[in-house]
Amino acid sequence: MIRTYRALLVAQIQAASAYRVQSILWMLFSVIRPVIFLAAWVAVANSQGGQIGAYDVRDFAAYYICLSLVSNLTMSWNAYDFEFEVRLGRLSPKLLRPLHPIHYSVVENIVWKVTTIIPLGIILVFVSLTFDARFRTTPAHLLLFVPSVLLAAALAFFSGWVLATLAFWTTRVHAVSTFWDRAAFIFAGQIAPLALLPGPLQAIALALPFGYILGVPAEILRGGVSVPTALQLMAGQAIWLVVFYFAFHRVWRVGVRQYSAVGA
Amino acid sequence: MTDAVVQVRELRKTFRVTEREEGLAATLRSFVKRRRKDVNAVAGITFRIDPGEVVGFLGPNGAGKTTTLKMLSGLLHPTAGEARVLEYVPWRRENAYLKSMTLLMGNRTQLVWDIPAADSFRVLQEIYRIPEAQFRATVNELTELLELQELVRKPVRNLSLGERMKVEFAAGLIHSPSVAFLDEPTIGLDISMQVRIRRFVAEYNRRTGATILLTSHYMDDVVALCKRVIVIHRGRLLYDGPLADLAERMAPYKVITATLHDGAASSTDLDAYGTVVSREEGRVTLRVDRQVAPERTARLVNDLGSRLADISVEDPPIEEVIDRVFTSEQTMVSA
């Protein structure tokens, strides 16, 4: 399997190099939203004496920088691609090879993340200096961040695949994944850090999977939660990952029987 | 009798499709209640294919050919019936099965668009776990047979349709499958490329002994490659047997073409010898009952004497024969 992954990685890097400008634009797009929220929260905080809850302007800056990094490292766009592949029958050649189609997607995700991390890092350093971000990160937080962001990436990947697999039943997964993205917008910690959500919303957010993909690893990296809390939140990540992992296998097994291989 | 490579029994595939009448009212109604209809794409077909056979799978558009190939390759689950290919149930898609077969579709690509085919071949080598020595030997053989030398180094998107098809063939056969399902392999190609692909398929079958089931709308493909044909229409099997017998059984006549000197074709009365089908530029085409064709030909030669420049006796064009099979919809399965 390692040799297969190496070959797929080489091919994907070659293919991605043909679209390097597009990759950079996508990466910029993923940074724009958090930076806009950062600017908005800075304005609100300044108008209220520089502090909202436990966050001052420099904390907001650190949070949204961490969120941008986590967003890039966990982004998964399977649902969009997969619907396209099912609708046009492009899944067929992949289904006919002795390798599960999910592996191509793993490689695409890895290559995209690796090729965009350096330019993203430069942008985030620039934003960090501009807003004078303050990180409360300790070595323990850094140590916990690694498994936390891996759990988040796997969770985003498998939840994305569960949505994607709906394409076997409906060729309009786009609508479902747009709904999913809107929910993530509120509950993942994009519109505001999870700690600033009103009580009931915060409880809902912690019961749903979205926050475990973005807000949780971002807070761990920023050092915004204590180590015991971080471990509790990571347990939540692990639970949701197990749920989506098994859901994916179940949905795939049933869904692939539905595949009508339209046009191909 | 040898063990069959492909064995199909009462195979069926029914698709459930949504139907809607035109107009706004029907559109609004369909929001509340969808009307669905079952379409029998394959309505219970049975056949077997022995090792090394090249079989033509014929039928008009929508006959169920591609659906059958998709079931045999494992892409589709059937609604009912059984199929075994190399002793595997195709739709279980076991890795051992996927490594032994290929499905090549003339209008589809399986290569990565933005990289040279040679790099895609390397990916396939790892996916199929092909040992290096075998990989090199296969690539060399396919390169020689398909004349790929220059093509495999260019990004696939820069290849012409015919060039791409050749490279697709190589990609589809790189793991040396013993069963190949070819769906319209020459579609959209120019005549010379069609001939090359045909030669390649014949040579591949000769060299490897692979079993091939081929669909094509170009009867030249079928005539050049297949001794046996299976004809289906509306999901039902109409004919299974030698291609040579098809004309004899479905078209009980021969076509005699007589070329006459001095433009005599337009004036000479040949109705007594058979049904005159056409007269053009000194050439008369007659349709004559198969039983009496030798005797009528002899009489024609004798009666026309020196006015006759040339004469030929042939089976009717295969397209015409196949059309008669579709039109009659009568089932004929050879023993």
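Let me start with a strand pairing in chain B: strand E6 and strand E7 (residues 211-215) run parallel and are joined by 5 bridges. Strands count as paired if DSSP finds at least two bridges between them. The labels themselves are DSSP runs numbered from the N terminus, with helices being H or I of at least four residues and strands being E of at least two. For one pair of partners, look at Ala180(B), whose bridge partner in E7(B) is Ile212(B).

Before going on, a word about what we are looking at. This is a predicted model, in which local features need pLDDT of at least 70, side-chain atom pairs count only at pLDDT 80 or more, and totals for chains, interfaces and linings use all residues. Residues are numbered from 1 along each chain as its sequence is written, while chains are lettered from A and ligands numbered from 1 in the order in which they are written.

Back to E6(B). On its other pairing, strand E5 (residues 101-105) of chain B is joined to E6(B) by 5 bridges, and these two run parallel. There, Met105(B) stands opposite Asp183(B).

Now please turn to another part of chain B, an open sheet of 4 strands. Their order is E11-E12-E10-E13, with antiparallel pairing. Strand E11 (275-280) and strand E13 (308-314) are at the edges with a single partner strand each, so one side of each has no neighbour in the sheet. On average, neighbouring strands here are turned by 20° against each other, direction ignored; the axes are lines fitted to C-alpha atoms, for helices over the stretch in contact, and angles run from 0 to 180 degrees between N-to-C directions.

How many residues of E11(B) are buried? The count is 0 among its 6 residues, and the strand is hardly covered. E11(B) and strand E12 (residues 283-289) run antiparallel, joined by 5 bridges. Arg279(B) has Val284(B) as its bridge partner, and Ser278(B) has Thr285(B). The hairpin of these two strands has 2 residues between them, and Glu281(B) takes a positive phi near 35° there.

Two further residues of chain B deserve a look. Glu87(B) is not a glycine but has a positive phi of about 75°. You will find Glu87(B) in the loop between strand E4 (80-85) and helix H3 (95-98) of chain B, and it counts as exposed because 12 C-beta neighbours lie inside 10 Å. Arg129(B), also not a glycine, has a positive phi of about 55°. Arg129(B) lies in the loop between helix H4 (117-127) and helix H5 (132-146) of chain B, and with 13 C-beta neighbours inside 10 Å it counts as partly exposed.

Stepping back, chain B has 11 helices and 14 strands. Its C-alpha trace spans about 70 × 60 × 50 Å along the principal axes, and buried residues make up 40% of its 335 residues.

Finally, let's meet chain A. In all, 20 residues of chain A are in contact with 24 residues of chain B, where contact is defined as C-beta atoms, placed from the backbone, lying within 7 Å. On chain A's side, helix H1 (2-17) and helix H5 (91-95) each supply at least two residues. H1(A) gives the most, with 7 residues. 

Elsewhere in chain A, helix H3 (residues 57-74) is mostly covered, with 15 of its 18 residues buried.

Note on methods:
Buried ≥ 20, exposed ≤ 12 C-beta atoms within 10 Å, placed from the backbone. Contact = placed C-beta atoms within 7 Å.
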